[in-house]
Amino acid sequence: MRAKELVEHIIGGAGFVLEDIISHAEMNEIILSVHPTRREKCRCGICRRKAPLYDKGRGKRRWRCLDMGAEKMYVEAESPRVCCPKHRVVTAAVPWARHGSRFTKSFEETAAWLSVHASRSAVSEFMRVEWHTVGGICKRVYQEMEESRSSRFNGLVNIGIDETSYKKGHKYMTVVINHDKSSVIWCAPGYGKDVLSQFFELLSEEQRASIRCVSADGARWIASCVEEYCPNAQRCIDPFHVVSWATDALDQVRREAWAEAHQQAKSQPKRKPGRPAKGETAPEKKQAKSVKNLRYALLKNPERLSENQQAQLQFLTKANPTLYRAYLLKENLRLALKAGPDEIAGALTKWLAWAQRCRIPTFRELRRKIKRHFSAIVAAARFKLSNARSEATNNKIKLIIRTAFGFRNVDNMVAMVMLSCSELHPTLPGR
């Protein structure tokens with residue numbers, strides 16, 4: 001094998017002329033002195049079109065290669081500038097590296113593959129690069145892979161929309177997944193109608209018309225976007241979110257009951273210390289505390305209650321009938337959502353009638369919310385579509401961010417999410 005062929009395997013490409021190989025034993029470095037072939041010279045670094053030479057730039061430049069054993073390896077070459085008719089004065093392209101990068105393509109592809117399978121701290125130590133450099137490498141690899149593949153928006157039928165938090169819950173990002181392929185097709189920082197509209201505006205009229213179902217929670221900005229851009233699509237709200245609305249309403253009623261009992265206890269005159277006399281009722285403070293400690297008993301499913309929690313609910317029937325009625329409303333809603341596709345509409349209609357006359361303001365508000373999303377809840381049961389994949393993807397995104405110990409650059413974070421959760425999977429060079 002000739003030296004040039006060996007260097008081509010090391011660099012991961014062709015289109016250059018090998019001039020010299022220099023070894024610095026004291027610095028553990030090997031330098032490959034090369035220059036592009038005549039065909040690859042004087043090309044725009046962005047569009048790679050032929051362009052006239054502008055100047056010599058800053059002279060020679062080095063690009064980091066994959067290590068040769070324990071030795072660091074660099075490619076050294078001249079880095080002139082060209083005057084592109086479209087992009088004006090830019091650095092000339094080289095066949096072994098991407099524009100704006102100080103690393104060869106094979107080095108970046110290896111680092112991107114490792115970033116998907118390991119933490120960024122492990123990648124930076126193994127590849128011997130700075131911590132913040134790994135994110136930029138992932139961004140460049142993702143952009144090149146995205147440009148070279150066909151549109152990921154073709155053939156969309158069932159999609160899911162959800163938002164997830166990062167930066168310790170202070171910031172949010174919107175994520176859109178393809179249910180049929182279980183992959184992320186789009187994500188962007190922020191949430192709201194303006195952010196989600198960016199996704200729908202990327203779709204053509206045919207791609208929007210092909211969308212049949214959209215699973216999401218009950219956010220108004222999602223519903224308004226779907227109605228505006230995909231009026232023929234059916235919005236689906238899975239039972240998980242509806243039950244979570246009911247549990248939040250039940251917990252609100254419990255807090256109000258505890259606050260009322262606590263206020264009554266404060267207004268009562270102080271009793272003498274000691275055990276209560278025979279026939280004396282329990283102090284109001286103890287009753288307030290018993291209501292406060294009912295949270296887990298009220299939120300758990302009846303089949304999972306312990307004997308002590310069952311006794312607490314039995315005590316609740318007499319101590320606070322309103323709170324017990326709210327608990328029964330929550331449980332009946334959960335059972336109604338378990339009905340089949342043909343029975344769920346009737347079961348929900350009966351529950352709405354009961355919630356209308358329950359005389360609990362929180363559940364009457366919940367009734368209006370469920371009535372507003374009635375068709376979306378029934379559609380989720382009919383099409384058997386839930387937002388579980390979106391929630392699972394959100395957990396994976398949180399794991400990616402936690403493994404990376406956070407991202408300073410939002411674009412790098414989006415690139416890392418797409419490389420890990422979409423159909424774009426980086427491969428090792430030469431494999």
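Axes are lines fitted to C-alpha atoms, for helices over the stretch in contact, and angles run from 0 to 180 degrees between N-to-C directions. Helices (H or I, at least four residues) and strands (E, at least two) are DSSP runs, numbered from the N terminus. The model is predicted, so that local features need pLDDT of at least 70 and side-chain atom pairs count only at pLDDT 80 or more, while totals for chains, interfaces and linings use all residues. Residues are numbered from 1 along each chain as its sequence is written, and side-chain values use heavy atoms, with hydrogens and water left out.

Two helix pairs are described here. Helix 2 (residues 105–117) and helix 3 (residues 120–127) cross at roughly 150°, their axes coming within 9 Å.

On the helix 12 side, L328, L329, N332, L333, A336 and L337 meet I344, A347, L348, W351, W354 and A355 of helix 13. By class, this contact has 11 nonpolar, 1 polar and no charged residues.

On a 1 Å grid over the protein atoms alone, a cavity is a set of points where a 1.4 Å probe fits but cannot get out, and a pocket is an open set with protein on both sides within 12 Å along at least five of seven lines; lining residues have an atom within 4 Å of a point. Grid points are joined across faces, edges and corners, and a volume is the space filled by probe spheres set on the points.

The largest pocket has a volume of about 490 Å³. Its lining has 20 residues, of which G45, I46, R98, H99 and E144 are the closest to the centre. Helix 4 (133–148) and strand 4 (60–64) each supply at least two lining residues, and helix 4 gives the largest share, 4 residues.

The largest cavity has a volume of about 60 Å³. Strand 10 (residues 183–189) gives the most to its lining, with 3 residues.

Methods: Contact means heavy atoms within 4.5 Å. Ala, Val, Leu, Ile, Met, Phe, Trp, Tyr, Cys and Pro count as nonpolar, Asp, Glu, Lys and Arg as charged, and the others, Gly among them, as polar.
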